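Hi everyone, thanks for making time. I'd like to walk you through one structure, so please have a look at the sequence and the model before I start talking.

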Amino acid sequence: MTTATPVRVTERAARWTELQDSARALARRFEERSQSGYGAGEFVGENIRDLVDAGLTAINVPADLGGFEATLEENTRLLRIIAGGCGSTAFTLAIHAVLTGSMRSDLSVAVRERMFGAVRDGAFVVGPFTDEGSGGNWVRPSTTARRVPDGFVLDGLKHFATGYDAATHLVVTAGLDDAHLEPPFNLAAFFVEKPDEGIEVVAPWSGFALPMTGSHSLKLDGLRVDADDSVFPDGLTPLFVMARQQWGHYCFAAVFLGLAERAYELAVERTRGRATTAVSDLARLPGIQFAVARMRSSLATMDALLTEYATRHVDPGEDLPAFVADTCIPKYHITNEAEHVVATAFEVIGGSGIRDGSRIGQIWRDVKAGPLLPFTNDMAREFIGKAALGISPVETPRWV
């Protein structure tokens, strides 16, 4: 007896196929654009508009609000595809994906409807989290939030505001000045429309890697936000952040895995049928064959690791520090292993990769950013190692 497939399931499967096809088509377009924009560090604003028009920025809108409600694993799949065309675009999209995917189940009703109604209508959300005084330690911001009768006033300096030029909305973090809330429990987050006053770019982005992300430095000077803009209850924001760390780690890892996958493709494309003074076909050389085998095996391992974690290691459970340590594993392994794959691909492609504007040269630069993103290598190793040894990674003092 044949069981009929629910219409909702078949519709969703068809939509998922459309989203992947759109991502592949856009990736090819973005790669062509990068030939002229990468060297000048031009912001990927046109690419972001294409992503919005294709519905790729709205995939995390909850189903009960009329959205696709993409899973974490589906987000990583699309980010890998986009990264194959442009690392800067994929990383900029990753920030938006992390915010819209991680927060849909934890928000108050009012903020949830406001955020996802805007995203459904084409909003692009950016999160300037990195503070001048605390860097990537997002739960201990140096930006302050002072209470006033109708809300809060924010002051501070934020770095790496990726995608700021394209932003319609921001999720801004700051530390409440309440005397009874000690760090990190004074962390607060606010969802606001991109303001006209109280925030300005003080250092335009210019980066060696991911140069087209528009990751400017921002000064918050008397930025006023409403009390209703607060995303989480007082004192609970750091717990929510830790419980959603998987979104950042897995989406970031996906970007750099996508870069490595494209580097491998380029190496294979450039090798087949290519002659030198030594051989008529480089693919016949054992060294080339061994390098390609090494890359392919590494990519398969990274794919399996990320798929496993993005599918099964999604909910934190009862041991939150141990869960955060688990999320570090794919981020740490993939961002470092991706560097090795790209370096091998560069060597296989040879001297032509050094030429200005070469795609492999862009990828080689972009992939260098992976291990530097939070959690950095040292922090990831600390969390993973302590969890394995039964030591809480959040106990103080951390080192004795």
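**Salt bridges, pockets and a cavity**

Buried here means under 20% relative accessible area, exposed means over 50%, and partly exposed is in between, using a 1.4 Å probe and protein chains only. Before I go on, this is a predicted model, in which local features need pLDDT of at least 70 and side-chain atom pairs count only at pLDDT 80 or more, while totals for chains, interfaces and linings use all residues. Residues are numbered from 1 along each chain as its sequence is written, and side-chain values use heavy atoms, with hydrogens and water left out.

So what does R112 pair with? Its side chain meets that of D64 in a salt bridge, at 2.9 Å from N to O. D64 sits in the loop between α2 and α3, and R112 in helix α5 (residues 109-120), so this pair ties together parts that are 48 residues apart in sequence. A salt bridge, by the rule used here, is a side-chain nitrogen of Lys or Arg within 4 Å of a carboxyl oxygen of Asp or Glu. As for the element names, helices (H or I, at least four residues) and strands (E, at least two) are DSSP runs, numbered from the N terminus.

How many salt bridges does a search of the whole structure find? The count is 27. R24 and D21 meet at 3.3 Å, N to O, and both lie in helix α1 (residues 7-37), 3 residues apart, or about one turn of the helix. R24 is partly exposed at 39% relative accessibility, and D21 is partly exposed too, at 43%.

The other one is in helix α7: R262 and E265 are also 3 residues apart there, about one turn. Their closest N and O atoms are 3.0 Å apart. Here R262 is buried, with a relative accessible area of 13%, whereas E265 is partly exposed at 40%. If you're wondering about that spacing, an α-helix has 3.6 residues a turn, so residues three or four places apart point the same way. This pair also belongs to a network of salt bridges that links E31, R262, E265, E269 and R359.

On a 1 Å grid over the protein atoms alone, a cavity is a set of points where a 1.4 Å probe fits but cannot get out; a pocket is an open set with protein on both sides within 12 Å along at least five of seven lines, and lining residues have an atom within 4 Å of a point. Grid points are joined across faces, edges and corners, and a volume is the space filled by probe spheres set on the points.

The largest pocket has a volume of about 800 Å³. It is lined by 38 residues, and those closest to its centre are I95, F129, T130, W138 and F252. Which element gives the most to this lining? That is α4, with 5 residues. By class, the lining has 24 nonpolar, 12 polar and 2 charged residues. For those classes, Ala, Val, Leu, Ile, Met, Phe, Trp, Tyr, Cys and Pro count as nonpolar, Asp, Glu, Lys and Arg as charged, and the others, Gly among them, as polar.

The second largest pocket comes to about 540 Å³. Among its 21 lining residues, N137, V139, R140, F383 and V394 are closest to the centre. Helix α6 provides the largest share of that lining, 4 residues. The classes here are 14 nonpolar, 4 polar and 3 charged.

The elements that give two or more residues to it are α3 (72-85) and α4, and α4 gives the most, with 4 residues. This lining has 6 nonpolar, 5 polar and no charged residues.

One last stop is helix α2 (residues 45-53), where the buried residues are G45, N47, I48, D50 and L51. After α2 comes G55, whose phi is positive, near 80°.
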